[in-house]
Amino acid sequence: MKRITIAIDGFSSCGKSTMAKDLAQEIGYIYIDSGAMYRAVTLYSIENGLFKGDVINTEELKRRINDIHITFRIDPETGRPNTYLNDVNVENKIRTMEVSSKVSPISALDFVRKAMVAQQQAMGKEKGIVMDGRDIGTTVFPDAELKIFVTASPEIRAQRRFAELEAKGQEVNFNEILENVKQRDYIDQNREVSPLRKADDALLLDNTNLTIPQQKEWLSMQFNKIIKQ
Ligand SMILES: Nc1ncnc2c1ncn2[C@@H]1O[C@H](COP(=O)(O)OP(=O)(O)OP(=O)(O)O)[C@@H](O)[C@H]1O
Ligand SMILES: Nc1ccn([C@@H]2O[C@H](COP(=O)(O)O)[C@@H](O)[C@H]2O)c(=O)n1
């Protein structure tokens with residue numbers, strides 16, 4: 001059977017990774033969470049003192065960008081990929097509010113995007129990949145055979161994220177999460193390099209009123225339509 005490239009873009013916390021991971025597992029494709037890569041660069045910057053408050057030492061980060069190696073390894077227990085930063089598992093550390101609050105300015109830097117996009121394109125050169133993010137259908141894989149753009153109301157997205165972090169035992173505040181979701185959407189849509197936007201040939205999915213199984217079924221249907229062509 002032919003193998004294709006699947007790009008899933010959209011707003012923060014709307015369920016892109018959930019859909020992408022499930023589909024990849026079902027069809028035996030590689031899954032890459034490109035947001036995890038920008039989060040890992042952000043964590044590196046925090047841990048290496050490259051932030052003074054909210055100000056980034058961009059010159060130093062630029063000098064070090066080639067020392068930042070991000071890989072994904074499947075967790076044998078869950079069957080899901082974990083993110084590694086320079087060979088250390090950082091899957092939990094990159095999901096904190098501290099990283100969420102600093103990641104969008106980091107991802108707006110042109111040299112950071114250039115480095116990440118090159119790695120993402122290398123990961124997808126054999127096809128058989130599902131990648132989610134903000135610019136996958138527009139910049140990383142403009143020729144992807146299946147492109148989806150996901151959205152949902154900011155309130156429902158914040159609610160979903162709140163429930164997830166609370167279940168992980170993190171101390172979270174709903175309003176802080178809602179503010180973060182809106183702020184990241186704004187920065188991601190308004191940056192100069194590869195701003196978040198729907199590719200002209202992407203299918204739009206508003207999953208505000210969909211359950212996880214419903215959106216999974218919808219995505220499988222879109223995949224099957226393309227693969228049978
Ligand atoms: N349709 C849905 N209904 C309810 N909860 C959902 C739905 N889709 C995803 N979720 C939950 O919402 C949360 C955010 O989902 P997910 O991490 O997949 O979003 P995302 O778009 O990849 O986010 P980010 O852009 O921040 O990486 C998760 O806890 C997930 O389980
Ligand atoms: N292709 C991408 C993916 C992500 N970003 C930036 O990273 C942030 C975190 O991503 P999540 O998917 O984990 O929410 C996101 O807010 C973007 O700033 C990106 O620029 N391009």
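Q: Hi! What kind of model is this, and how are things numbered?
A: It is a predicted model, where local features need pLDDT of at least 70, side-chain atom pairs count only at pLDDT 80 or more, and totals for chains, interfaces and linings use all residues. Residues are numbered from 1 along each chain as its sequence is written, while chains are lettered from A and ligands numbered from 1 in the order in which they are written.

Q: Thanks! Which domain does UniProt place here?
A: The UniProt entry, which is unreviewed, places "domain: Cytidylate kinase" at residues 6–214. UniProt positions are given in the numbering used here, feature names are shortened, and annotations may be inferred rather than shown by experiment.

Q: How much of that span is helix and how much is strand?
A: Residues 6–214 are 46% helix and 19% strand, and the end C-alpha atoms of the span lie 19 Å apart. Helices (H or I, at least four residues) and strands (E, at least two) are DSSP runs, numbered from the N terminus.

Q: Okay, sheets next. What is the order of the five strands in the parallel sheet?
A: The order is S2-S8-S1-S9-S10, and the sheet is open. Its edge strands are S2 (30–33) and S10 (203–206), each pairing on one side only. Two strands pair if DSSP finds at least two bridges between them.

Q: By how much are neighbouring strands turned against each other?
A: On average by 20° in this sheet, direction ignored. Axes are lines fitted to C-alpha atoms, for helices over the stretch in contact, and angles run from 0 to 180 degrees between N-to-C directions.

Q: Which helix packs on that sheet?
A: Helix H9 (residues 212–227) does, touching S9 and S10, and its direction makes about 160° with that of S9. Contact between two residues has a cut-off too: their C-beta atoms, placed from the backbone, lie within 7 Å.

Q: How many bridges are there between S1 and S9?
A: Five, and the two strands pair in the parallel sense.

Q: Where does UniProt place the "binding site" feature?
A: The unreviewed entry places it at Gly10, Phe11, Ser12, Ser13, Cys14, Gly15, Lys16, Ser17 and Thr18. Ser12, for one, is found in the loop between S1 and helix H1 (16–27). Ser12 counts as buried, with 22 C-beta neighbours inside 10 Å.

Q: And the ligands? Which residues are closest to ligand 1?
A: The closest are Gly15, Ser17, Thr18, Arg160 and Glu164, out of 17 residues that surround ligand 1. A residue is near a molecule or strand if its C-beta atom, placed from the backbone, lies within 6 Å of it. H1, helix H7 (154–167) and H9 each supply at least two residues of this shell.

Q: What about ligand 2: which residues come nearest?
A: Of the 14 residues around ligand 2, those are Gly35, Tyr38, Ser107, Gly133 and Arg134. The largest share of that shell, four residues, comes from H2.

Q: Back to sheets. Which strands form the antiparallel one?
A: Three strands form that open sheet, in the order S5-S6-S7. S5 and strand S7 (88–89) stand at the edges with a single partner strand each, so one side of each is left without a neighbour in the sheet. H2 packs on this sheet, touching S5 and S6.

Q: Last one: is Arg73 buried or exposed?
A: Arg73 is exposed, with 12 other C-beta atoms within 10 Å. Arg73 sits in strand S5, and its bridge partner in S6 is Asn82.

Terms used: A residue is buried if 20 or more other C-beta atoms lie within 10 Å of its own, exposed if 12 or fewer, and partly exposed in between; C-beta atoms are placed from the backbone.
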